[in-house]
Structure formats: structure tokens, C-alpha cells
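Me: I have a structure open and would like to go through its inside. Can you take questions as I go?

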Amino acid sequence: TPGSSPRNLLDMDTFSKSDPVVVLFVQVSGSNEWKEFGRTEVIDNTLNPDFVRKFVLDYYFEEKQNLRFDVALFGAQDFLGQTFVALGEVIGSQRGRLERPLTGVPGKRCGTILLLAEELSNCRDIVTMQLCANKLDKKDFFGKSDPFLVFYRSNEDGTFTICHKTEVVKNTLNPVWQPFTIPVRALCNGDYDRTVKIDVYDWDRDGSHDFIGEFATSYRELSRAQSQFTVYEVLNPRKKCKKKKYVNSGTVTLLSFSVESEFTFVDYIRGGTQLNFTVAIDFTASNGLPSQPTSLHYVSPYQLSAYALALKAVGEIIQDYDSDKLFPAYGFGAKVPPDGKISHQFPLNNNMENPSCVGIEGVLESYLQSLRTVQLYGPTNFAPVINQVAGTAAQVTDGSQYHVLLIITDGVISDMLQTKEAIVTASSLPMSIIIVGVGPAEFEAMEELDGDEVRLSSRGRYAERDIVQFVPFRDYVDDSGNQVLSMARLAKDVLAEIPEQLLSYMKTRDIKPRRADP
């Protein structure tokens, strides 16, 4: 947000000082064209104006963003000077303050302009505050009042947008409202000095709430209350005009105000949280014989199977967050050599002691090898492999490890009750489950496990978090044949919820990101 303060401007008024305004132009990327971005307010009769109106720009570290500040006289065509600067120069200067000479009027010293920049990174902050009121006006005929507060943030054009309503406290002129939480972005759009207007109302059952009064403040002013109580007078402009002896309609006191940063997915990754990726592949007979072109496991010399494509699409993105690149990979629903026993969690690399494969390529290799050695059978049981990953996830719950299980299946599930139980148990652990459904089946059971519409439950217990994301593979088969694009879309959709799911785990456990090494 660059702000501006010109100094020692040219005096162009014959009878008084100048009335300057600053106009910001932004250069259109890759051209010589300049577009007006905005202008400050006009300050009357001064050669050293301090402008209040800020310019809010998106900053891109990787781009050169050229700015031009023109200083002119309001209402006249008189030009007082200009300066050219890149946004990066302002941000990169000490404490975000940059002083530049104004030029452009031949043979004259035009003064200087001081540019100030601050990053609105406070958009991630969340505020918790509590207010109470004293001696509010009595509005109800039979009782006292039923007061509540309405908060508004001011917009650039001077209008107001409602951003919070407190609860109603019944039948009192001295209410104490519950503490509430609101993002700084919602309260003031990240601008600490923007007006926050607060109206006090008396609640009425029919919705025609009575206006008691109002007061104004700003985020900066509210935040000062961290050290002392702040008392605001509640004023009713109509009463003020009518009654000579009117003092106020009561007071509102800010009892507490605290700010917390909302951590992001990137904060945790930078702080060293590892994503551990496990794969489980459906080897049941309903997929069809792998040697037949109609089989979902059929690998032609020209194209990978749907299973292999889904595995590659998701795995190649997740592996960037896994430092050892070792991925446990299992199959389920097959008869496994040497004795032909049915297994629901056999290692694809045939190594019971260490089921990890090296990289996504290693997983693909072991998958293709298993297709040649096991007999596709059934039933389709998810619970054993979910419980296996949950057991590993339960060993480290300090936020340093997070597990993602990818299940690829043709969707005809046999152990629905056990699977629901396993997912509900896993929902309190640091793990997420991605299910990709391949083939033409109806996937109602998978939609239920996804829990987007209705929170998943088992035997009266509800999942603590939504940890399952399901997508049908067929929705991403591109008619144009652009496989790269369609698999990128698949990966994007199945991975979209992982950051939020990781954050919800960290938040419920009050785990903060570790500080990244400088």
C-alpha cells in the first residue's frame, strides 16, 4: 500500500499556497502505456501535504511493476512534478520508505515525494474481542432493552458493508456480549486505519429493531485496547439534534482484544511437516482379467491403464512433499502366492518387512509386477488398509508427519460398515484418504464415504473431520485426447482438500508450525 507525502512543492497559486493532488499511474505490462490507477484526496493550501488515501496494489515479487506518481494542482492544469519508481524499489527500501525528487518542470526544483509501503499480510490475522455496554437507552415499553451490536467496515467509496452481528442479550441496559472472532480482512480489508462503524440496536421480535446509537473506531484504535479498556460513547444523531441536554445513549467498553495469525499449509510445510504417501490398489475380479483389453488393469503397449494414470497423476504431485520418496504400496482383494490365500493388504513389492517402493516409478513397476503374479479375486475390503495406515499415523501425532492414503478402486465395496468405522477412527489422526473410482460403476457408496453432503458416522460416532475426497476417473477422460491436461485436472481436484484437511488437524490439536530455519 504505497502512501505519499510530497515536500516543498512549487507554489503555483498567486494569492495562497497550492492545493495539490497525487495521481498514480501503473505501466501496462510489456508496453509503454500508462493507466491511471487512482488519486489521493485534495489537500488545501499547503506545500507539504500528507495524503491519507492509500493505494492498494497486488505485489508480485517476480514481476517488474513500474509506477508513476504525478503531482498536480486540483482543478487547474498546473503540473507540479512527477517521479517514476518500481514497486519493488519501494518495498525493498529501508522500512518501506523511499524519498524521490519530483522532476518534469524545466529549470525548477519541484520538491520531493516520500513513498511509504506496507504489506497487507495481516489479511491472515484473526481477531478475538469482547465488548460490554453501560446505561444504554431503554427502548422497550414493558422491559429494558434487548441490545445487540452490528459491525460495518467502510469501503473505498464511503459506503459501509456489514461484517458482524453479536448475539442479543435480553432485557438489560448493561449487556456483556460473548467474545467473538473475525478475520482482520473482514473487519477492515487489511487497512488498519479504515473506519469501523458499530451500531447498537434493541432487538424486536418482528424484525423492526430500534436504533439506540452508534460509534466509530478503526482496527488500529481497537488494537490499542490490548493494554487498556477503551470506552466509546454511543451517540444517536437524531436525539443529539433534538435535545439540548443530550449527552449520549450509553457507553460501550472494549473488554478484550487479541490477534492470532491464521497459519497456512505452506507454513507447516516450511516448518518441516512431511507428507507420507501410501497407495492401495484394487485387485478384485470385477476389474476383469488383466490380459483382456476390456479389463481396467489392461496395459497396452501404447497406453497406461486407468489405475496407472491415476496413480501417476496424484503421486507425482504429492512426492514433492515427501523427502525420502519411499512409498508403501499395497494391493487388496487378490489371491496371493505361494499358497493362494486371499489378502486385503499385500505389499506390491512382495516384501512384507518393507512394503515401500522407491518413487512413483517404483510403485508403478511393483504394480505391473503384481498383476503378473497374483490372481484377481475378492471381496473388495477397504478397512484393512485404512487401519494399517491409521496405525502408522497414530505413532506420530505432533504435526511433523501427515499421511495421505490413495485408494484406487472399481468401486464395488464389500465391507461398508467396517470401512465407515475405520474412517471415523482415522478422522482424529493426521491422515487423509483419496479415493479414485475407475470404470463405469455407480459410486454411491464412495459419495457417502466422501462426507461432503452428510458428515460420515458409524454406530452413533461422527467423524471428527472430513478426511475423504472421492472423484470418478471417468469425469477426467478428455475427448480431445489431451491426457496431460486431464490428469492435471484430476490431481488438482483430489488434492484440493488436502491442505484444509491438514490445517483442520493442526488446528484441533493446537499444533503451531515449527519455525523454518532462516
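Reply: One term to start: a cavity is a set of grid points where a 1.4 Å probe fits but cannot get out, and its lining residues have an atom within 4 Å of a point. Keep in mind that this is a predicted model.

Me: ok, how many cavities of 30 Å³ or more does the search find?
Reply: The search covers the whole structure and finds one.

Me: what volume does the largest cavity have?
Reply: Its volume is about 50 Å³.

Me: and which residues line it?
Reply: The lining is made of Ile423, Leu449, Asp450, Gly451, Arg455, Leu456, Ala463, Arg465, Asp466, Ile467 and Val468. Sorted by class, that gives six nonpolar, four charged and one polar.

Me: what does Phe277 touch?
Reply: Leaving out residues up to four places away in sequence, Phe277 touches Val314, Gly315, Ile318, Asp322, Phe327, Pro328, Ile360, Val404 and Leu406.

Me: last one, where does UniProt put the VWFA domain?
Reply: The UniProt entry, which is unreviewed, places it at residues 276–477. Over that stretch the chain is 28% helix and 26% strand, with the end C-alpha atoms 28 Å apart.

Note on methods: Residues numbered from 1 in each chain as written. Predicted model: local features only at pLDDT ≥ 70, side-chain atom pairs only at ≥ 80, totals over all residues. Heavy atoms only, no water. 1 Å grid on protein atoms, 1.4 Å probe; cavity = no way out; pocket = protein on both sides within 12 Å on 5 of 7 lines; lining within 4 Å. Points joined across faces, edges and corners; volume = space filled by probe spheres on them. Nonpolar A, V, L, I, M, F, W, Y, C, P; charged D, E, K, R; others polar. Contact = heavy atoms within 4.5 Å. UniProt positions renumbered as here; feature names shortened; annotations may be inferred. Helix = DSSP H or I, 4+ residues; strand = E, 2+ residues; numbered from the N terminus.
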